[in-house]
Amino acid sequence: PKKNDELAAADKVMGGNQKKGKQILNVNAKVIKPQLLTDEFTTTGVLLPDEEVDLSFETSGKIVEINFEEGTPVKKGQLLAKVNDRQLQAQLQRLVSQLKLAEEGYTLQVKTDSIILKAATEAGLFHAKESLLQLSRFGNGKVKCCTINDAPRYQWRGFMLDESRHFFGKEKVKQYLDIMASLRLNVFHWHLTDEPGWRIEIKKYPKLTQIGAVGNYHDPKAPATFYTQEDIKEIVAYAAERQIMVVPEFDMPGHATAVCRAYPEYSGGGEGRWQHFTFHPCREGTYRFISDVLDEIVSLFPSPYIHIGGDEVHYGNQSWFTDPEIQNFIKEKKLVDEKGLEHYFLRRAADIVASKGKTMIGWDEIIDAGISPRKAVVMWWRHDRQHQLVKALENGYRVILTPRRPMYADFTQFGAHKV
């Protein structure tokens, strides 16, 4: 509405409408019709419904102006950022719901003479287009008349690809991203480091790709395979065009074999099969190395999240129990035991990630490390340890459900399934 009309409505109400000592402000907000972005289809529609919305706000003697500027789509964050009053925020939240401002929701309407895509965000419009393509594919180029109202149930709809064990390459990754887009998946969890190989170029530490990238799950002497930083940028941009966020995983303190093979000065020891499995947990050089590597990773991935693993440390920390330097460190820091040392490492890692302006994600072992829920998100992966999920929720962690049964494609999918 025009500002004068809004103030006139406010003046009318303030002139005598009272309810339980609070002013009632009636605002008639006519939502404008910004033009949608045009892609390969000619699309028409509105970002928000164009009907008038009548709102009654209870305010503590305050006049609140709600402005819908012409040509500017109103987003949830913009709408709520103007208001500090909690009660009013709650009512505005209901307005958001009323106006169907679902972040990724859309409406697809196919008529005999037109196809209309409506969405609240660019992501929603992209999903609408993918639905139209899907209908076209299954109809052999023909699309039947229909109306689809769709919105995601889950905010995080992810797919993880482990390229440490099996390197797929740039073109195959793009193919996966195309498939993800068609299925409305929006997070690509890219597992780039682990025991078999390191798969991302880090310019400050060239041995990571010269030595650490050698080998794979089947052949420890296979030629080095990895992504250059230019490859990473290309794939991240390709994903962004498909409304997919890329979250990299840099494993620590365990699953660090490829790193420690390249730079043994950061190795925490280990025996036989588990040699070099962990970082050395009590050398400052280890944490400087991690910080340096994260500097380059952060520059390549705009995602607010960095996954650091944090799981299965006990597989390869045998040397922690006997190394004099490590044992003295446990005593000096009053960490009680090797598990306490593991938790110390994870807290340090969380602080380093936070110092880069990112939020750490870790597997559900991190729940017991004493990390602030403000600094970390938990991936609950051990389906047989439901108490870890309960503990995470009770302690205020944000949790992403990734139970290995049935979520792991290389694991058992059901009770009688054998692999």
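The structure is a predicted model in which local features need pLDDT of at least 70 and side-chain atom pairs count only at pLDDT 80 or more, while totals for chains, interfaces and linings use all residues. Residues are numbered from 1 along each chain as its sequence is written, and side-chain values use heavy atoms, with hydrogens and water left out.

The chain contains 13 helices and 13 strands; helices (H or I, at least four residues) and strands (E, at least two) are DSSP runs, numbered from the N terminus. Of the 419 residues in the chain, 48% are buried, where buried means under 20% relative accessible area, exposed over 50% and partly exposed in between (1.4 Å probe, protein chains only). Among contacts in the chain with a separation of 6 or more, 62% involve residues 24 or more positions apart; contact means heavy atoms within 4.5 Å.

Strands of a sheet pair through backbone hydrogen bonds, either parallel or antiparallel. Here, 7 strands form an open sheet in the order E7-E8-E9-E10-E11-E12-E13, with parallel pairing; two strands pair if DSSP finds at least two bridges between them. Strand E7 (158–162) and E13 are the edge strands, each pairing on one side only. Axes are lines fitted to C-alpha atoms, for helices over the stretch in contact, and angles run from 0 to 180 degrees between N-to-C directions.

Within this sheet, strand E8 (residues 187–191) is joined to strand E9 (residues 245–252) by 5 bridges, and the two run parallel. Histidine 191 is placed opposite glutamate 249 in E9. Helix H9 (residues 284–300) lies across E9 and strand E10 (305–309), at about 165 degrees to E9.

Strand E12 (residues 376–380) is largely enclosed by the rest of the structure, because 5 of its 5 residues are buried. In a regular strand the side chains alternate between the two faces of the sheet. Both faces of E12 are covered, with Ala376, Val378 and Trp380 buried on one side and Val377 and Met379 buried on the other. E12 pairs with strand E11 (residues 359–363) in the parallel sense over 4 bridges, and with strand E13 (residues 398–401), also in parallel, over 4 bridges. Valine 378 of E12 stands opposite glycine 362 and opposite valine 399 in E13.

Two packed helices are described by the angle between their axes and the distance between the axes. The axes of helix H5 (residues 170–182) and helix H7 (residues 229–241) come within 10 Å and cross at roughly 15 degrees. H5 is therefore roughly parallel to H7; angles under 35 degrees count as roughly parallel, over 145 as roughly antiparallel, 65 to 115 as roughly perpendicular and the rest as oblique. The contact involves Lys170, Val173, Lys174, Leu177 and Asp178 of H5 together with Asp231, Glu234, Ile235, Tyr238 and Ala239 of H7. By class, these comprise 5 nonpolar, no polar and 5 charged residues, where Ala, Val, Leu, Ile, Met, Phe, Trp, Tyr, Cys and Pro count as nonpolar, Asp, Glu, Lys and Arg as charged, and the others, Gly among them, as polar.

Helix H10 (residues 324–332) and helix H11 (residues 338–355) pack at about 80 degrees, with their axes 10 Å apart. H10 is therefore roughly perpendicular to H11. In this pair, Ile326, Gln327, Phe329 and Ile330 of H10 meet Glu338, Leu341 and Tyr344 of H11, giving 5 nonpolar, 1 polar and 1 charged residues.

Phenylalanine 168 is located in the loop between E7 and H5 and is partly exposed, at 34% relative accessibility. Apart from neighbours within four places in sequence, phenylalanine 168 contacts Leu161, Asp162, Glu163, Tyr176 and Tyr227. Its C-alpha atom is separated by 9.6 Å from that of phenylalanine 226, 58 residues apart along the chain.

Methionine 252 and proline 253 are joined by a cis peptide bond with omega of about -10 degrees; proline 253 lies in the loop between E9 and helix H8 (257–262). Arginine 405 and proline 406 are likewise joined by a cis peptide bond, with omega of about 15 degrees, and proline 406 belongs to helix H13 (residues 404–407). Glutamine 243, in the loop between H7 and E9, has a positive phi of about 60 degrees although it is not a glycine. Histidine 276, in the loop between H8 and H9, has a positive phi near 65 degrees.
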